[in-house]
Amino acid sequence: MNTVKLELPINKEQIRNLKVGDKVLLSGVLITARDQAHRRMVEMLERGEELPIVPRETCIFYCGPSPTPPAKVCGAIGPTTSSRMDGATLILLEHGLLAMIGKGERGSELVERIRAKGAVYFTCLGGVAALLSKYVVSCETYAWEDLGAEAMYKLVVKDFPVYVSIV
Amino acid sequence: MTPRVINAEYIKTKIIEAIGVLSFRSDPKLLNCMRAARQSETSEIARDILDAILDNAAIAANEQIPGCQDTGTLVFFVDIGSSVLIEGHGLTAIIHEAVAEASRKFYLRRSIVRDPLLDRTNTGDNTPAVIHLSLVDGDGLVIHIAQKGGGAENMSRLFMLNPSSGREEIISNVIRTVTEAGAKACPPLILGIGLGANFETAPLLAKRALFQDLEARNPVAYYAELEDEIKSRINSSGIGPMGMGGNCTVLAVHLLQAACHMASLPLAVNLQCHAFRHLGIRI
Ligand code: SF4
(Lines give C-alpha, C1' and ligand atoms only; values in the text may rest on other atoms or scores of the structure.)
Protein backbone atom coordinates (compact mmCIF):
# COMPACT_ATOMS: atom_id res chain seq x y z
CA MET A 1 0.00 0.00 0.00
CA ASN A 2 1.43 3.34 -1.12
CA THR A 3 1.04 6.21 1.37
CA VAL A 4 1.32 9.89 0.39
CA LYS A 5 0.86 13.12 2.30
CA LEU A 6 -1.02 15.99 0.67
CA GLU A 7 -1.83 19.57 1.64
CA LEU A 8 -5.30 20.90 0.78
CA PRO A 9 -6.49 22.35 -1.51
CA ILE A 10 -5.10 19.96 -4.09
CA ASN A 11 -4.76 20.66 -7.81
CA LYS A 12 -5.16 18.57 -10.95
CA GLU A 13 -1.42 18.05 -11.20
CA GLN A 14 -1.33 16.38 -7.78
CA ILE A 15 -4.45 14.36 -8.57
CA ARG A 16 -2.84 12.98 -11.72
CA ASN A 17 -0.15 11.36 -9.58
CA LEU A 18 -2.66 9.44 -7.43
CA LYS A 19 -3.56 5.81 -7.99
CA VAL A 20 -6.64 3.90 -6.86
CA GLY A 21 -5.84 2.17 -3.56
CA ASP A 22 -3.26 4.73 -2.43
CA LYS A 23 -3.57 5.81 1.18
CA VAL A 24 -3.44 9.60 1.45
CA LEU A 25 -2.91 11.66 4.60
CA LEU A 26 -4.68 14.96 4.05
CA SER A 27 -3.86 18.17 5.88
CA GLY A 28 -5.77 21.44 5.60
CA VAL A 29 -9.43 22.37 5.39
CA LEU A 30 -12.37 20.02 4.78
CA ILE A 31 -15.90 21.36 4.42
CA THR A 32 -18.68 18.97 5.39
CA ALA A 33 -21.86 18.77 3.33
CA ARG A 34 -24.49 16.10 3.11
CA ASP A 35 -27.99 15.70 1.64
CA GLN A 36 -29.61 19.01 2.61
CA ALA A 37 -26.52 21.16 2.02
CA HIS A 38 -26.15 19.66 -1.45
CA ARG A 39 -29.77 20.33 -2.18
CA ARG A 40 -29.29 23.97 -1.19
CA MET A 41 -26.15 24.33 -3.27
CA VAL A 42 -27.90 22.97 -6.35
CA GLU A 43 -30.86 25.32 -5.83
CA MET A 44 -28.49 28.29 -5.49
CA LEU A 45 -26.63 27.37 -8.66
CA GLU A 46 -29.94 27.06 -10.50
CA ARG A 47 -30.78 30.61 -9.39
CA GLY A 48 -27.32 31.77 -10.45
CA GLU A 49 -26.28 32.67 -6.89
CA GLU A 50 -22.84 32.39 -5.40
CA LEU A 51 -22.16 29.39 -3.16
CA PRO A 52 -20.72 29.65 0.34
CA ILE A 53 -17.76 27.62 -0.98
CA VAL A 54 -15.44 27.97 -3.95
CA PRO A 55 -15.83 24.49 -5.47
CA ARG A 56 -12.36 24.38 -7.07
CA GLU A 57 -10.65 25.05 -3.75
CA THR A 58 -12.87 22.90 -1.58
CA CYS A 59 -12.53 19.33 -0.47
CA ILE A 60 -16.11 18.31 0.35
CA PHE A 61 -16.53 15.72 3.10
CA TYR A 62 -19.86 13.88 3.18
CA CYS A 63 -20.19 13.97 6.93
CA GLY A 64 -22.54 15.03 9.67
CA PRO A 65 -20.44 15.18 12.86
CA SER A 66 -21.85 14.48 16.29
CA PRO A 67 -21.91 17.55 18.58
CA THR A 68 -18.68 18.70 20.21
CA PRO A 69 -18.68 17.84 23.93
CA PRO A 70 -17.28 20.50 26.30
CA ALA A 71 -13.47 20.73 26.35
CA LYS A 72 -13.15 18.61 23.19
CA VAL A 73 -12.00 19.72 19.73
CA CYS A 74 -14.90 17.99 18.00
CA GLY A 75 -17.36 15.14 18.31
CA ALA A 76 -17.32 11.95 16.27
CA ILE A 77 -16.28 12.47 12.65
CA GLY A 78 -16.91 10.01 9.82
CA PRO A 79 -18.27 9.58 6.29
CA THR A 80 -21.84 9.03 5.15
CA THR A 81 -22.85 7.18 1.98
CA SER A 82 -21.67 9.23 -1.00
CA SER A 83 -23.98 7.93 -3.72
CA ARG A 84 -26.89 9.96 -2.31
CA MET A 85 -24.96 13.04 -3.40
CA ASP A 86 -24.25 11.76 -6.95
CA GLY A 87 -26.78 13.98 -8.72
CA ALA A 88 -25.62 17.16 -7.01
CA THR A 89 -21.98 16.20 -7.51
CA LEU A 90 -22.44 16.04 -11.29
CA ILE A 91 -23.41 19.71 -11.12
CA LEU A 92 -20.66 20.72 -8.67
CA LEU A 93 -18.04 19.09 -10.90
CA GLU A 94 -19.18 21.41 -13.69
CA HIS A 95 -18.42 24.29 -11.32
CA GLY A 96 -14.90 23.10 -10.68
CA LEU A 97 -15.12 20.74 -7.68
CA LEU A 98 -11.99 18.56 -7.57
CA ALA A 99 -12.02 16.58 -4.34
CA MET A 100 -14.56 14.80 -2.19
CA ILE A 101 -14.51 12.27 0.65
CA GLY A 102 -17.20 9.79 1.58
CA LYS A 103 -17.95 6.09 1.73
CA GLY A 104 -19.15 3.55 -0.82
CA GLU A 105 -19.27 3.34 -4.60
CA ARG A 106 -20.50 6.08 -6.94
CA GLY A 107 -22.80 5.72 -9.96
CA SER A 108 -21.18 4.92 -13.31
CA GLU A 109 -22.08 8.27 -14.89
CA LEU A 110 -20.42 10.12 -12.02
CA VAL A 111 -17.34 7.88 -12.08
CA GLU A 112 -16.85 8.86 -15.71
CA ARG A 113 -17.33 12.58 -15.00
CA ILE A 114 -14.90 12.51 -12.05
CA ARG A 115 -12.26 11.02 -14.34
CA ALA A 116 -13.05 13.33 -17.25
CA LYS A 117 -12.75 16.37 -15.00
CA GLY A 118 -9.48 15.24 -13.44
CA ALA A 119 -11.08 15.18 -10.00
CA VAL A 120 -10.65 12.64 -7.22
CA TYR A 121 -12.99 10.73 -4.92
CA PHE A 122 -11.52 9.51 -1.66
CA THR A 123 -13.14 7.11 0.75
CA CYS A 124 -12.49 6.97 4.43
CA LEU A 125 -13.43 4.35 6.96
CA GLY A 126 -17.00 4.30 8.24
CA GLY A 127 -17.67 3.59 11.88
CA VAL A 128 -14.28 4.67 13.21
CA ALA A 129 -15.36 8.18 14.04
CA ALA A 130 -13.70 8.43 17.46
CA LEU A 131 -10.40 7.53 15.81
CA LEU A 132 -10.88 9.99 12.92
CA SER A 133 -11.71 12.78 15.36
CA LYS A 134 -8.09 12.55 16.54
CA TYR A 135 -6.93 13.94 13.18
CA VAL A 136 -9.11 17.04 13.56
CA VAL A 137 -7.36 20.20 14.74
CA SER A 138 -10.44 22.43 14.82
CA CYS A 139 -14.14 22.24 14.01
CA GLU A 140 -16.57 25.13 13.56
CA THR A 141 -19.90 25.72 11.86
CA TYR A 142 -19.22 27.15 8.42
CA ALA A 143 -22.69 27.73 6.93
CA TRP A 144 -26.36 26.90 7.34
CA GLU A 145 -26.37 26.29 11.06
CA ASP A 146 -30.14 25.80 10.83
CA LEU A 147 -29.50 22.39 9.27
CA GLY A 148 -28.12 20.97 12.54
CA ALA A 149 -26.04 17.86 11.85
CA GLU A 150 -26.54 18.59 8.14
CA ALA A 151 -24.98 22.06 8.31
CA MET A 152 -21.63 22.81 6.67
CA TYR A 153 -18.78 22.48 9.14
CA LYS A 154 -15.23 23.61 8.56
CA LEU A 155 -12.75 21.03 9.77
CA VAL A 156 -9.04 21.71 9.88
CA VAL A 157 -7.33 18.32 9.74
CA LYS A 158 -3.80 17.02 10.06
CA ASP A 159 -2.83 13.75 8.31
CA PHE A 160 -6.45 12.71 7.96
CA PRO A 161 -6.37 9.17 6.49
CA VAL A 162 -8.30 8.48 3.27
CA TYR A 163 -8.00 6.04 0.37
CA VAL A 164 -8.09 6.95 -3.33
CA SER A 165 -11.21 5.32 -4.79
CA ILE A 166 -11.86 7.07 -8.10
CA VAL A 167 -9.32 9.06 -10.04
CA MET B 1 -51.24 -12.47 40.39
CA THR B 2 -50.37 -9.36 42.39
CA PRO B 3 -49.16 -6.57 40.20
CA ARG B 4 -45.49 -5.56 40.25
CA VAL B 5 -45.28 -1.80 40.44
CA ILE B 6 -42.29 -0.10 38.83
CA ASN B 7 -41.59 3.58 39.07
CA ALA B 8 -41.42 5.43 35.74
CA GLU B 9 -38.47 7.62 36.76
CA TYR B 10 -36.50 4.52 37.70
CA ILE B 11 -37.07 3.01 34.24
CA LYS B 12 -36.03 6.27 32.61
CA THR B 13 -32.79 6.40 34.58
CA LYS B 14 -31.99 2.81 33.59
CA ILE B 15 -32.62 3.55 29.91
CA ILE B 16 -30.42 6.66 29.95
CA GLU B 17 -27.68 4.66 31.65
CA ALA B 18 -27.94 1.95 28.99
CA ILE B 19 -27.78 4.48 26.15
CA GLY B 20 -24.59 5.85 27.72
CA VAL B 21 -23.04 2.38 27.67
CA LEU B 22 -24.19 1.79 24.08
CA SER B 23 -22.79 5.07 22.85
CA PHE B 24 -19.20 4.59 23.94
CA ARG B 25 -18.49 0.98 24.82
CA SER B 26 -18.08 -1.77 22.23
CA ASP B 27 -19.49 -5.20 23.00
CA PRO B 28 -16.48 -7.26 24.25
CA LYS B 29 -17.64 -10.20 22.11
CA LEU B 30 -17.62 -7.96 19.04
CA LEU B 31 -14.03 -7.01 19.77
CA ASN B 32 -13.12 -10.69 20.15
CA CYS B 33 -14.64 -11.43 16.72
CA MET B 34 -12.72 -8.49 15.31
CA ARG B 35 -9.42 -9.71 16.80
CA ALA B 36 -10.00 -13.22 15.46
CA ALA B 37 -10.77 -11.78 12.03
CA ARG B 38 -7.59 -9.69 12.22
CA GLN B 39 -5.61 -12.91 12.79
CA SER B 40 -7.00 -14.67 9.78
CA GLU B 41 -6.97 -11.74 7.34
CA THR B 42 -4.42 -12.08 4.58
CA SER B 43 -4.94 -8.69 2.93
CA GLU B 44 -2.80 -5.83 4.22
CA ILE B 45 -5.48 -3.20 3.74
CA ALA B 46 -8.07 -5.36 5.54
CA ARG B 47 -5.73 -5.75 8.50
CA ASP B 48 -5.13 -2.00 8.49
CA ILE B 49 -8.90 -1.43 8.66
CA LEU B 50 -9.51 -3.98 11.42
CA ASP B 51 -6.73 -2.36 13.44
CA ALA B 52 -8.43 1.00 12.95
CA ILE B 53 -11.73 -0.47 14.18
CA LEU B 54 -10.02 -1.85 17.30
CA ASP B 55 -8.18 1.44 17.97
CA ASN B 56 -11.46 3.29 17.48
CA ALA B 57 -13.19 1.17 20.11
CA ALA B 58 -10.47 1.98 22.64
CA ILE B 59 -10.60 5.73 21.94
CA ALA B 60 -14.41 5.78 22.09
CA ALA B 61 -14.40 4.08 25.49
CA ASN B 62 -11.54 6.10 26.98
CA GLU B 63 -12.59 9.52 25.75
CA GLN B 64 -16.36 9.11 25.65
CA ILE B 65 -16.62 9.98 21.96
CA PRO B 66 -19.17 7.93 19.97
CA GLY B 67 -17.51 5.18 17.93
CA CYS B 68 -19.52 6.32 14.92
CA GLN B 69 -20.81 9.83 14.25
CA ASP B 70 -24.13 8.31 13.21
CA THR B 71 -25.50 7.53 16.63
CA GLY B 72 -28.52 6.22 14.84
CA THR B 73 -32.23 5.83 15.31
CA LEU B 74 -32.91 4.66 18.84
CA VAL B 75 -34.80 1.40 18.49
CA PHE B 76 -36.57 -0.28 21.41
CA PHE B 77 -38.03 -3.76 21.77
CA VAL B 78 -39.86 -3.89 25.06
CA ASP B 79 -41.21 -7.12 26.53
CA ILE B 80 -43.50 -6.16 29.34
CA GLY B 81 -45.02 -8.70 31.71
CA SER B 82 -48.81 -8.60 31.96
CA SER B 83 -48.64 -8.08 35.72
CA VAL B 84 -46.32 -5.07 35.53
CA LEU B 85 -47.80 -1.72 36.45
CA ILE B 86 -45.83 1.40 35.67
CA GLU B 87 -46.38 4.20 38.10
CA GLY B 88 -46.04 7.86 37.25
CA HIS B 89 -45.97 7.97 33.48
CA GLY B 90 -46.73 5.96 30.34
CA LEU B 91 -44.00 3.66 29.07
CA THR B 92 -43.67 5.16 25.59
CA ALA B 93 -43.51 8.68 27.03
CA ILE B 94 -40.72 7.55 29.36
CA ILE B 95 -38.76 6.11 26.45
CA HIS B 96 -39.05 9.28 24.36
CA GLU B 97 -37.99 11.41 27.33
CA ALA B 98 -35.05 9.14 28.05
CA VAL B 99 -33.91 9.37 24.41
CA ALA B 100 -34.08 13.16 24.40
CA GLU B 101 -32.24 13.41 27.70
CA ALA B 102 -29.56 10.88 26.74
CA SER B 103 -28.99 12.65 23.41
CA ARG B 104 -28.19 15.87 25.26
CA LYS B 105 -26.23 14.23 28.03
CA PHE B 106 -23.99 12.13 25.78
CA TYR B 107 -23.73 14.60 22.87
CA LEU B 108 -25.33 12.19 20.43
CA ARG B 109 -25.90 13.33 16.89
CA ARG B 110 -29.47 14.42 16.22
CA SER B 111 -30.44 12.38 13.19
CA ILE B 112 -34.23 12.29 13.14
CA VAL B 113 -36.29 14.52 10.85
CA ARG B 114 -39.92 15.45 11.45
CA ASP B 115 -41.55 14.12 8.29
CA PRO B 116 -40.24 11.92 5.47
CA LEU B 117 -41.30 14.21 2.65
CA LEU B 118 -43.06 17.38 3.72
CA ASP B 119 -40.73 18.57 6.43
CA ARG B 120 -37.26 17.16 6.80
CA THR B 121 -36.30 19.47 9.63
CA ASN B 122 -34.44 17.92 12.50
CA THR B 123 -36.49 17.22 15.63
CA GLY B 124 -33.42 18.26 17.63
CA ASP B 125 -33.50 15.52 20.25
CA ASN B 126 -33.58 12.19 18.38
CA THR B 127 -37.24 11.67 19.18
CA PRO B 128 -39.41 9.97 18.28
CA ALA B 129 -37.67 6.70 19.04
CA VAL B 130 -38.88 3.54 17.29
CA ILE B 131 -40.68 1.39 19.86
CA HIS B 132 -42.01 -2.18 19.60
CA LEU B 133 -44.01 -3.31 22.61
CA SER B 134 -44.87 -6.93 23.36
CA LEU B 135 -47.06 -8.10 26.17
CA VAL B 136 -45.65 -11.28 27.74
CA ASP B 137 -46.63 -13.45 30.70
CA GLY B 138 -45.24 -12.75 34.15
CA ASP B 139 -43.86 -9.71 35.94
CA GLY B 140 -40.67 -9.08 33.97
CA LEU B 141 -39.68 -5.95 32.07
CA VAL B 142 -36.99 -6.46 29.46
CA ILE B 143 -35.90 -3.57 27.27
CA HIS B 144 -33.66 -4.12 24.26
CA ILE B 145 -32.11 -0.94 22.91
CA ALA B 146 -30.19 -0.35 19.68
CA GLN B 147 -28.59 2.65 18.04
CA LYS B 148 -29.18 1.78 14.41
CA GLY B 149 -27.21 3.75 11.84
CA GLY B 150 -28.70 4.80 8.52
CA GLY B 151 -26.09 3.35 6.16
CA ALA B 152 -26.64 -0.32 6.90
CA GLU B 153 -30.38 0.18 7.41
CA ASN B 154 -30.76 1.71 3.94
CA MET B 155 -29.24 -1.36 2.32
CA SER B 156 -31.45 -3.86 4.20
CA ARG B 157 -33.99 -5.73 2.11
CA LEU B 158 -37.29 -7.63 2.16
CA PHE B 159 -37.99 -10.37 -0.41
CA MET B 160 -41.41 -11.96 -0.78
CA LEU B 161 -40.19 -15.27 -2.21
CA ASN B 162 -42.11 -18.07 -3.78
CA PRO B 163 -42.65 -21.04 -1.40
CA SER B 164 -41.05 -23.28 -4.01
CA SER B 165 -37.81 -21.30 -3.62
CA GLY B 166 -35.27 -23.51 -2.00
CA ARG B 167 -32.42 -22.98 0.38
CA GLU B 168 -30.18 -21.88 -2.50
CA GLU B 169 -32.46 -19.01 -3.51
CA ILE B 170 -32.57 -17.80 0.08
CA ILE B 171 -28.79 -17.86 0.31
CA SER B 172 -28.33 -16.11 -3.01
CA ASN B 173 -30.72 -13.29 -2.03
CA VAL B 174 -28.84 -12.74 1.22
CA ILE B 175 -25.51 -12.71 -0.65
CA ARG B 176 -26.94 -10.29 -3.21
CA THR B 177 -28.07 -7.94 -0.43
CA VAL B 178 -24.61 -7.87 1.12
CA THR B 179 -22.85 -7.52 -2.24
CA GLU B 180 -25.05 -4.65 -3.37
CA ALA B 181 -24.53 -2.92 -0.03
CA GLY B 182 -20.75 -3.06 -0.39
CA ALA B 183 -18.98 -0.38 1.61
CA LYS B 184 -22.23 1.56 2.13
CA ALA B 185 -23.23 -0.74 4.99
CA CYS B 186 -19.79 -0.53 6.63
CA PRO B 187 -18.70 -4.18 6.75
CA PRO B 188 -17.72 -6.35 8.56
CA LEU B 189 -21.42 -6.93 9.14
CA ILE B 190 -23.73 -8.80 11.42
CA LEU B 191 -26.77 -10.15 9.59
CA GLY B 192 -30.23 -10.38 11.07
CA ILE B 193 -32.41 -12.64 8.95
CA GLY B 194 -36.15 -13.09 9.35
CA LEU B 195 -37.59 -16.06 7.48
CA GLY B 196 -41.30 -16.74 7.26
CA ALA B 197 -44.07 -14.81 9.06
CA ASN B 198 -45.55 -12.11 6.78
CA PHE B 199 -44.83 -8.76 5.13
CA GLU B 200 -44.44 -6.72 8.33
CA THR B 201 -43.24 -9.41 10.70
CA ALA B 202 -40.30 -10.83 8.74
CA PRO B 203 -38.36 -7.53 9.11
CA LEU B 204 -39.24 -7.46 12.81
CA LEU B 205 -37.78 -10.95 13.19
CA ALA B 206 -34.68 -9.85 11.30
CA LYS B 207 -34.24 -6.87 13.59
CA ARG B 208 -34.90 -8.91 16.72
CA ALA B 209 -32.31 -11.44 15.55
CA LEU B 210 -29.68 -8.69 15.83
CA PHE B 211 -30.25 -8.49 19.57
CA GLN B 212 -28.99 -12.03 20.07
CA ASP B 213 -25.71 -12.79 21.72
CA LEU B 214 -23.03 -12.55 19.02
CA GLU B 215 -22.06 -16.19 19.55
CA ALA B 216 -25.64 -17.50 19.54
CA ARG B 217 -26.69 -20.09 16.96
CA ASN B 218 -30.16 -21.05 15.85
CA PRO B 219 -31.41 -23.91 18.08
CA VAL B 220 -32.67 -25.84 15.04
CA ALA B 221 -29.69 -27.66 13.52
CA TYR B 222 -30.86 -27.09 9.95
CA TYR B 223 -31.03 -23.32 10.45
CA ALA B 224 -27.77 -23.21 12.40
CA GLU B 225 -26.10 -24.83 9.38
CA LEU B 226 -27.81 -22.35 7.09
CA GLU B 227 -26.40 -19.49 9.21
CA ASP B 228 -22.93 -21.04 8.90
CA GLU B 229 -23.21 -21.57 5.17
CA ILE B 230 -24.36 -17.99 4.57
CA LYS B 231 -21.47 -16.70 6.66
CA SER B 232 -18.79 -18.74 4.95
CA ARG B 233 -20.09 -18.08 1.43
CA ILE B 234 -20.22 -14.34 1.99
CA ASN B 235 -16.77 -14.34 3.54
CA SER B 236 -15.36 -16.11 0.49
CA SER B 237 -16.84 -13.37 -1.74
CA GLY B 238 -13.85 -11.14 -0.99
CA ILE B 239 -15.81 -7.92 -0.18
CA GLY B 240 -13.83 -7.49 3.03
CA PRO B 241 -13.79 -4.80 5.73
CA MET B 242 -15.24 -1.54 4.34
CA GLY B 243 -15.55 -3.24 0.95
CA MET B 244 -11.83 -2.89 0.30
CA GLY B 245 -11.18 -6.62 -0.14
CA GLY B 246 -10.43 -9.37 2.35
CA ASN B 247 -12.01 -12.46 3.84
CA CYS B 248 -13.86 -10.82 6.72
CA THR B 249 -17.17 -9.43 5.45
CA VAL B 250 -19.56 -10.96 7.96
CA LEU B 251 -18.86 -11.56 11.65
CA ALA B 252 -22.11 -13.29 12.58
CA VAL B 253 -25.38 -14.43 11.00
CA HIS B 254 -28.52 -14.75 13.12
CA LEU B 255 -31.69 -16.19 11.65
CA LEU B 256 -35.11 -16.31 13.25
CA GLN B 257 -37.86 -18.32 11.55
CA ALA B 258 -41.63 -18.32 11.99
CA ALA B 259 -44.74 -20.01 10.61
CA CYS B 260 -46.18 -18.45 7.47
CA HIS B 261 -49.05 -18.58 4.98
CA MET B 262 -48.96 -21.51 2.57
CA ALA B 263 -48.59 -19.09 -0.36
CA SER B 264 -45.68 -17.13 1.17
CA LEU B 265 -42.00 -17.27 1.95
CA PRO B 266 -40.92 -13.85 3.24
CA LEU B 267 -37.20 -13.24 3.68
CA ALA B 268 -35.97 -10.09 5.44
CA VAL B 269 -32.30 -9.21 5.69
CA ASN B 270 -31.41 -6.51 8.19
CA LEU B 271 -27.80 -5.43 7.83
CA GLN B 272 -25.92 -4.34 10.91
CA CYS B 273 -22.67 -2.48 10.38
CA HIS B 274 -19.61 -3.11 12.53
CA ALA B 275 -20.73 -0.23 14.77
CA PHE B 276 -22.89 -2.80 16.55
CA ARG B 277 -24.74 -1.04 19.37
CA HIS B 278 -27.30 -3.39 20.89
CA LEU B 279 -28.00 -3.93 24.53
CA GLY B 280 -30.70 -5.59 26.63
CA ILE B 281 -31.61 -4.56 30.17
CA ARG B 282 -33.83 -6.36 32.62
CA ILE B 283 -35.68 -4.19 35.12
S1 SF4 C 1 -23.37 2.20 8.55
FE2 SF4 C 1 -22.85 2.02 10.72
S3 SF4 C 1 -20.65 2.32 10.87
FE4 SF4 C 1 -21.32 3.03 8.87
S5 SF4 C 1 -21.62 5.24 9.14
FE6 SF4 C 1 -23.61 4.23 9.44
S7 SF4 C 1 -23.74 3.82 11.64
FE8 SF4 C 1 -21.62 4.30 11.19
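The text below starts with the model and then takes up the ring contacts.

The model is predicted, so local features need pLDDT of at least 70 and side-chain atom pairs count only at pLDDT 80 or more, while totals for chains, interfaces and linings use all residues. Residues are numbered from 1 along each chain as its sequence is written, chains are lettered from A in the order in which they are written, and side-chain values use heavy atoms, with hydrogens and water left out.

Over all chains there are four aromatic pairs, meaning rings of Phe, Tyr or Trp (its six-membered ring) with centres within 6.5 Å; planes under 30 degrees apart count as stacked, over 60 as edge-to-face and the rest as tilted. Among them is the edge-to-face pair of B:F24 and B:F106, with 5.9 Å between centres and 75 degrees between planes. B:F24 belongs to helix α1 (residues 8-24) of chain B, and B:F106 to the loop between α4 (91-105) and β4 (130-136), 82 residues apart; helices (H or I, at least four residues) and strands (E, at least two) are DSSP runs numbered from the N terminus. Both B:F24 and B:F106 are buried. Buried means under 20% relative accessible area, exposed over 50% and partly exposed in between (1.4 Å probe, protein chains only). B:Y222 and B:Y223 also pair edge-to-face, because their centres are 5.4 Å apart and their planes at 85 degrees.

| Arginine | Ring | Distance from ring centre |
|---|---|---|
| A:R106 | A:Y121 | 4.8 Å |
| B:R167 | B:Y222 | 4.9 Å |

B:Y222 is partly exposed, because its relative accessibility is 43%.

Conventions:
A charge sits over a ring if NZ of Lys or CZ of Arg is within 6 Å of the ring centre and within 35 degrees of the ring normal.
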